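I opened my notebook to look up a few things in one model. These are my entries, in the order I made them.

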Amino acid sequence: MKKSEYQKHAVPEGYMEKWQKTINLIAEIFDVPTALIMRVSPEEIEVLVSSLTEGNPYKPHEMADLGTGLYCETVMAEQAQLLVPNALDDPDWENNPDVKLNMIHYLGVPLIWPNGSVFGTLCILDNKTRRYSKAYEKLLHELKGIIEGDFNNLLYSQSLEEHKVELENQVEKRTAELKITNNQLDVELAERKQAEGALRESEVRYRTLFEHANDAIFLENENDEIVDINRQACELMGYTRDELLGMTVPELQAPEIRGKKGTVIKQEMKKHGGSVFETVNIHHNGTRIPLEVSTAAMHGQDAGLVLTIVRDITERKEAEKVLRESEERYRNIYERVEDVIYETDFTGRFTGISPSIEKHSGYRPDELIGRNVLDFYADQDEYVALNEAMEADGSVNDFELHLKKKNGESIIASITAHIVFDEGGKPVKTEGVLRDITERKQADETLRESERQLSTLMANLPGIAYRCLNDANWTMEFLSSGCYALTGYQSSELVDNNDIAYADLIHPADQEDVWDKVQAALDTQSPFEIEYRIITANGDQKYVWEKGSGVFNGKQLLFLEGFITDITVRKQALDAIQQYIKQLDALREIDQAIINSFDLSVTMNILLDYVISHLDVDAVAVLKHNESTQTFDLVHKQGFCTQEDQLTNLRLRRGQVGKEILRRNSIFIPDLTQGEINPFDFPDYALEGFLSYYGVPLITRGALVGVLEIFHRSALDSGVERDEYLQMLAGQAAIAINNVALFENLERSNIKLLEAYDATIEGWAQALELRDMETEGHSRRVVKTTVELAKMLGFSGSDLTHVRRGALLHDIGKMGIPDHILQKPDELNDDERQVMEMHPALAYEWLSSIEYLRPAMDIPYYHHEKWDGTGYPRGLKGEQIPLAARIFAVVDVWDALRSDRAYRKMWSREKTLAYIKKQSGTHLDPKVVAAFLKYIENEGEFR
């Protein structure tokens with residue numbers, strides 16, 4: 001973990017008070033006993049701010065050792081949010097010291113100091129399991145951002161104070177540039193908590209038998225067109241569903257069959273309502289399929305349609321060729337049904353059984369013949385009960401029992417059987433049909449469990465499930481048992497509008513909106529979600545949330561189904577959060593104004609706008625404490641009718657208001673017309689018509705810096721929330737006034753420092769001229785011309801200042817050249833010139849260590865570089881050479897040639913200009929030369 005820079009900064013009382021209020025509000029919004037701001041030190045962690053809530057075991061300034069498994073250690077180590085719903089459910093937290101305080105739930109986020117180090121955590125704890133929506137977690141992150149914004153303001157204010165002291169005591173020392181950091185806060189309105197619930201009555205809709213039958217089933221109209229089929233029909237004929245639905249029955253039949261039986265079948269249908277026959281169809285691959293067909297006319301809403309059950313009898317037809325003589329009757333039965341047909345002798349041994357037994361039990365018929373049925377009963381008592389019923393009545397119908405399959409599993413079977421007697425009345429055998437009803441029984445059990453769960457859910461819903469008609473009354477056909485808790489009415493009072501219609505419960509102002517939104521959703525057959533108010537039986541108003549949808553048959557709307565729940569508490573909490581967010585937005589915008597502007601009137605204008613709009617008052621003023629005159633001078637005001645600036649000025653030590661402000665006390669006067677109010681304090685309040693007054697002292701670092709005054713022309717309530725918010729705004733105003741004062745002092749100190757620096761530079765230039773008598777006046781001449789030429793080439797502001805300083809110091813490196821070389825009256829030899837050419841490097845060495853002069857080094861270091869790269873000290877070429885140095889090079893050549901030297905006389909104007917033009921593109925930058933020639937033409941000679 002990085003060392004935290006904040007450890008050397010004390011937190012001012014104003015911030016501690018602001019954070020205390022924020023922590024109290026967090027505990028209230030999240031409904032927890034504990035909300036904390038924790039601060040970390042190298043070895044310990046401290047409770048910096050603790051919510052003033054009942055059941056909170058943590059006290060301010062309590063310390064705890066690190067490395068003991070605290071929740072906050074994980075948050076700070078990972079610098080990420082930590083949510084522990086219940087530490088007792090997680091063995092990782094069993095030794096956590098917080099658990100010993102019964103704080104088993106934790107939600108916390110890291111607080112980051114502006115330098116990136118961890119300040120501590122913002123967290124909430126509870127003695128019970130808790131979970132939160134994304135909106136609540138987002139709110140916690142927004143409050144974290146506000147506290148981290150306070151870190152910036154705290155660091156910024158303390159930095160200003162430190163710089164002020166340093167500049168006042170050491171004006172000649174080097175200063176560091178003031179860096180102001182500001183973290184942008186992105187505040188998003190806490191999103192509305194999403195609650196979804198949907199409940200519909202369970203209506204078990206069974207598909208028609210043909211969807212589950214093993215036989216192929218066709219549904220045909222009067223024109224023999226196929227209108228519906230099951231999966232087995234597609235598999236039987238080899239066509240897809242879409243292909244079959246586009247065909248007629250004759251198209252599937254063999255050519256010799258088509259049309260021959262149609263008339264007979266229709267006659268049978270009219271006479272008996274159905275018929276059974278055999279036919280031959282053609283498979284999609286061209287093969288012939290012998291079929292057994294059963295037809296029946298449909299009734300009711302499907303009248304006019306014919307249901308045809310088709311079974312492939314290919315195997316049966318082949319078997320008939322071999323066994324028709326001996327087994328024709330039994331084989332037809334066995335092959336036609338899914339149920340198991342069996343026969344036993346009177347001792348209970350199987351003498352015959354249909355092939356379908358293998359599907360249900362895993363046994364082939366030949367494995368069962370001769371075996372006793374008792375071997376297959378899972379429960380011997382059921383066998384006894386079946387025999388008793390058979391002996392009593394001679395038969396049983398749908399007798400349920402459990403049988404064992406070949407793999408050891410059991411099935412539930414329904415037995416229909418009877419005893420067969422011989423001519424003498426003696427029982428000789430038993431014939432019966434066995435039906436596997438395992439899946440049906442499981443489905444029945446699933447249905448019963450579903451209905452039980454649905455009944456339990458309905459009874460415990462936090463609201464009501466409903467079904468209603470889409471009419472003006474929203475006529476209810478069904479309401480769940482939560483109706484009374486939500487509306488105060490019993491379900492029976494609302495169903496069918498017996499005593500009152502549900503539409504009459506909807507708040508009159510919301511009725512039209514509810515209708516419009518529901519109808520818009522029904523138009524597109526979409527679900528709807530709406531919020532509105534209802535009036536309960538006892539006259540209370542509740543906010544409710546409803547989610548529902550229309551139930552359609554095709555395009556026909558049958559009814560509406562949905563769910564309604566009470567969201568009154570959530571709405572109230574959301575309104576409170578939104579109000580608090582607005583206040584935080586206001587404070588953040590004021591913070592931004594304080595940080596980004598040192599114009600006090602701009603900051604005060606923003607602050608007073610918020611005071612008037614958020615506190616709903618008529619007028620407000622900010623007065624600054626003037627110690628020299630012992631008065632409060634008006635800084636800014638809004639909402640006054642008069643233009644008299646002295647309207648709210650107070651003279652210290654005179655009057656009730658002045659005395660209270662001097663004591664650092666806020667003063668609230670609900671009625672200025674009553675009581676012993678000194679008129680000296682408010683000489684003209686009657687002209688304004690003010691009735692109520694509120695004065696708050698502006699205090700920063702223990703010093704009284706001003707007063708925030710509020711005036712209202714009617715009665716003004718002094719509530720706790722209003723007072724707390726006003727105190728926060730007063731704190732912002734105090735910070736703004738103090739920051740501007742610090743900045744003004746800093747500006748004055750900076751100006752003095754700049755003047756001292758410039759005087760030092762000019763002194764250096766004069767000292768160099770005194771040492772090198774041949775260049776006397778050279779620096780002053782080239783500085784003026786270089787600055788003018790730089791302006792022509794686009795330099796301005798601080799860049800132009802650096803050009804001027806660089807021109808003054810262009811030969812500062814010559815201070816390191818020996819006198820016998822610097823002052824030599826003749827031309828220098830090669831060795832001497834090599835020493836002389838060291839002066840740009842010497843200038844760089846000296847000036848680079850001075851941060852203030854570092855931006856001015858381009859001219860002293862590079863002014864002997866040449867456009868073609870043949871210059872020194874680095875041999876730069878073209879635009880690699882800084883522009884300031886290229887400008888100075890032209891001016892320096894001009895002034896040098898136009899001055900007398902010991903080894904030559906001054907050149908003429910014409911000769912010098914010709915030389916400069918010749919050097920353009922080799923020694924000098926062509927663009928700078930062109931600008932210089934234009935300057936000479938306009939300005940004339942200069943020396």
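**Cysteines.** I looked up Cys234 first in these notes. Its relative accessibility is 15%, so Cys234 counts as buried. Buried means under 20% relative accessible area, exposed means over 50%, and partly exposed lies in between (1.4 Å probe, protein chains only). Cys483 has 0% relative accessibility, so Cys483 counts as buried. I then searched for disulfides, each a pair of cysteine sulfur atoms within 2.5 Å. The structure has zero.

**What I am working with.** This is a predicted model, in which local features need pLDDT of at least 70 and side-chain atom pairs count only at pLDDT 80 or more, while totals for chains, interfaces and linings use all residues. Residues are numbered from 1 along each chain as its sequence is written, and side-chain values use heavy atoms, with hydrogens and water left out.

**Cavities.** How many cavities of 30 Å³ or more does a search of the whole structure find? I noted nine. A cavity is a set of points on a 1 Å grid over the protein atoms alone, where a 1.4 Å probe fits but cannot get out; lining residues have an atom within 4 Å of a point. Grid points are joined across faces, edges and corners, and the volume is the space filled by probe spheres set on the points. Rolling a probe the size of a water molecule over the atoms shows where empty space is left.

I picked the second largest cavity. It holds about 70 Å³ of space. Its lining includes Tyr466, Cys468, Trp474, Met476 and Glu546. Tyr502, Ile506, Val514, Val518, Leu560 and Ile564 also line this cavity. I sorted the lining residues by type: ten are nonpolar, none polar and one charged. Here Ala, Val, Leu, Ile, Met, Phe, Trp, Tyr, Cys and Pro count as nonpolar, Asp, Glu, Lys and Arg as charged, and the others, Gly among them, as polar.

Which elements each supply at least two residues of this lining? They are strand S17 (463-468), helix H16 (508-523) and strand S21 (556-566). Helices (H or I, at least four residues) and strands (E, at least two) are DSSP runs, numbered from the N terminus.

**Strands around S21.** I followed S21 to its partners. Two strands pair if DSSP finds at least two bridges between them. S17 and S21 run antiparallel and are joined by six bridges. Tyr466, one of the lining residues, stands opposite Gly562 in S21. Strand S20 (residues 541-553) also pairs with S21 in the antiparallel sense, over ten bridges. Lys547 has Phe563 in S21 as its bridge partner. The hairpin of S20 and S21 has two residues between the strands, and Gly554 there takes a positive phi near 70°.

**Strand S12.** Next I looked up S12 (residues 340-345). Five of its six residues are buried, so I wrote "mostly covered". S12 pairs with strand S16 (residues 427-436) in the antiparallel sense over six bridges. Val340 stands opposite Leu434 in S16. S12 is also joined to strand S13 (residues 350-353) by three bridges, and these two run antiparallel. The bridge partner of Tyr342 in S13 is Ile353. In the hairpin of S12 and S13, with four residues between the strands, Gly348 takes a positive phi near 95°.

Gln79 is not a glycine, yet its phi is positive, about 50°. Gln79 is in the loop between helix H2 (71-78) and strand S4 (82-84). Its relative accessibility is 43%, so Gln79 counts as partly exposed. Asp496 also has a positive phi, near 60°. It sits in the loop between helix H15 (491-494) and H16. Asp496 is partly exposed because its relative accessible area is 49%.

The peptide bond from Tyr872 to Pro873 is cis, with omega near 15°. Pro873 is in the loop between helix H27 (858-862) and H28. I checked the span of H28 (residues 883-897). The expected span is 1.5 Å times one less than the number of residues, so its 15 residues should span 21 Å. Its end C-alpha atoms are 22 Å apart, which agrees. In H28, 13 of the 15 residues are buried.

How values were computed:
1 Å grid on protein atoms, 1.4 Å probe; cavity = no way out; pocket = protein on both sides within 12 Å on 5 of 7 lines; lining within 4 Å.
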